[in-house]
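Subject: Structure handover

Hello,

Here is the structure I promised to pass on. Please open it next to this email and follow along.

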Amino acid sequence: MRRFRPKPVERVWGGEALGFGPGVGEVWLAEEPLLVKVLDPAEWLSVQVHPPHAYALEKEGGLGKYEAWYVLTPGEIVYGFKRPVSREEVRSRALSGTLDEVLNRVAVRPGQVVYLPAGLVHALGPGVRVYEVQTPSDLTYRLFDYGRPRPLHLDRALEVALLSPLPLEVPPPEPVPGGERLLSTPYFHLYRFPLEGRLRVRAEGPLLLTLVEGEAWLGGERLPRWATFLLEAGEEAGMEGEGLFLGASPG
């Protein structure tokens with residue numbers, strides 16, 4: 001079992017609800033075998049898109065990015081477009097500040113899972129704290145940044161963006177020992193493990209566990225919120241307390 005130290009990251013859109021001071025928009029909880037974060041936006045994140053692996057390897061020399069959010073607090077997100085759009089329309093609207101008119105805004109609730117495949121145009125809204133699991137890459141192309149003075153990446157964003165609406169659908173959870181698998185993709189799996197007195201988790205393969213709610217003890221040690229550790233295949237962890245763990249494993 002290996003524990004990770006949280007890595008707070010200040011962002012221009014960051015809030016202060018993660019417990020690491022004002023302006024900390026995200027905390028990196030683990031960087032291998034997957035990148036796991038928790039995000040706290042006080043403002044809209046940029047409207048952005050991530051490239052698939054093949055494109056990223058050709059153009060950037062590294063991996064692309066596929067991710068998912070587990071919603072911790074309610075609010076609104078951008079999930080693709082309301083209707084089919086052309087690259088020319090998206091470029092024009094991004095430059096004129098009218099892109100929001102064709103973006104698909106969706107209300108989300110705590111406990112909801114949002115899968116964000118490469119190519120999906122998306123944004124996280126103010127106050128929507130999420131646990132995020134993703135392939136170990138932070139490659140992002142910005143289409144629109146709500147007036148903030150940061151560079152956009154329109155050419156590459158438009159080369160990879162999905163321009164037709166994509167339904168926000170996630171299959172029903174599957175039972176696993178101690179909890180349930182919420183999402184299964186070729187790149188990672190996402191799990192939920194409620195802690196109601198006692199919980200024992202055995203890893204079939206590399207498994208990252210994060211305490212996102214409540215109080216928990218592991219081997220007599222009280223775990224702080226966002227505590228994250230890695231179980232290798234065959235390892236077990238026994239926790240006590242009342243709370244909720246989320247888990248992530250490579251696909």
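The side chain of Thr135 comes to 3.3 Å from the backbone oxygen of Gly64.

Two notes on the source. This is a predicted model: local features need pLDDT of at least 70, side-chain atom pairs count only at pLDDT 80 or more, and totals for chains, interfaces and linings use all residues. Residues are numbered from 1 along each chain as its sequence is written, and side-chain values use heavy atoms, with hydrogens and water left out.

Where is Thr135 found? It is in the loop between strand 11 (130–134) and strand 12 (141–144). Strands (E, at least two residues) are DSSP runs, numbered from the N terminus. Thr135 counts as buried because its relative accessibility is 4%. Buried means under 20% relative accessible area, with a 1.4 Å probe and protein chains only. Leaving aside neighbours within four places in sequence, its contacts (heavy atoms within 4.5 Å) include Leu34, His53, Tyr187 and Phe188.

Now the rings. A pair of aromatic rings is described by the distance of the centres and the angle of the planes. Rings of Phe, Tyr and Trp (its six-membered ring) pair if their centres lie within 6.5 Å; planes under 30 degrees apart count as stacked, over 60 as edge-to-face and the rest as tilted. The count comes to 7 aromatic pairs. Tyr115 and Phe188 are edge-to-face, because their centres are 6.3 Å apart and their planes at 75°. This pair links distant parts of the chain: Tyr115 is in strand 9 (residues 113–116) and Phe188 in strand 15 (residues 188–202), 73 residues apart. Tyr115 is buried at 18% relative accessibility. Phe188 is buried too, at 0%. Tyr191 and Phe193 have centres 5.9 Å apart and planes at 15°, so that pair is stacked. Both are buried. Ring pairs also join Trp44, Phe144 and Tyr146 into a cluster.

Last, the cores. A nonpolar core is a set of buried Ala, Val, Leu, Ile, Met, Phe, Trp, Tyr and Cys residues joined through side-chain atoms within 4.5 Å. The largest has 29 residues; Val36, Tyr70, Tyr131, Val133 and Phe188 touch the most other members. Strand 3 (residues 24–30) gives the most to this core, with 4 residues. A second, separate core of 25 residues includes Trp44, Tyr55, Ala94 and Leu143.

Best wishes

Conventions:
Buried means under 20% relative accessible area, exposed over 50%, partly exposed in between (1.4 Å probe, protein chains only). A polar contact is a pair of N or O atoms within 3.5 Å; within protein, one must be able to donate a hydrogen and the other to accept it, and residues adjacent in sequence count only if both atoms are side-chain atoms.
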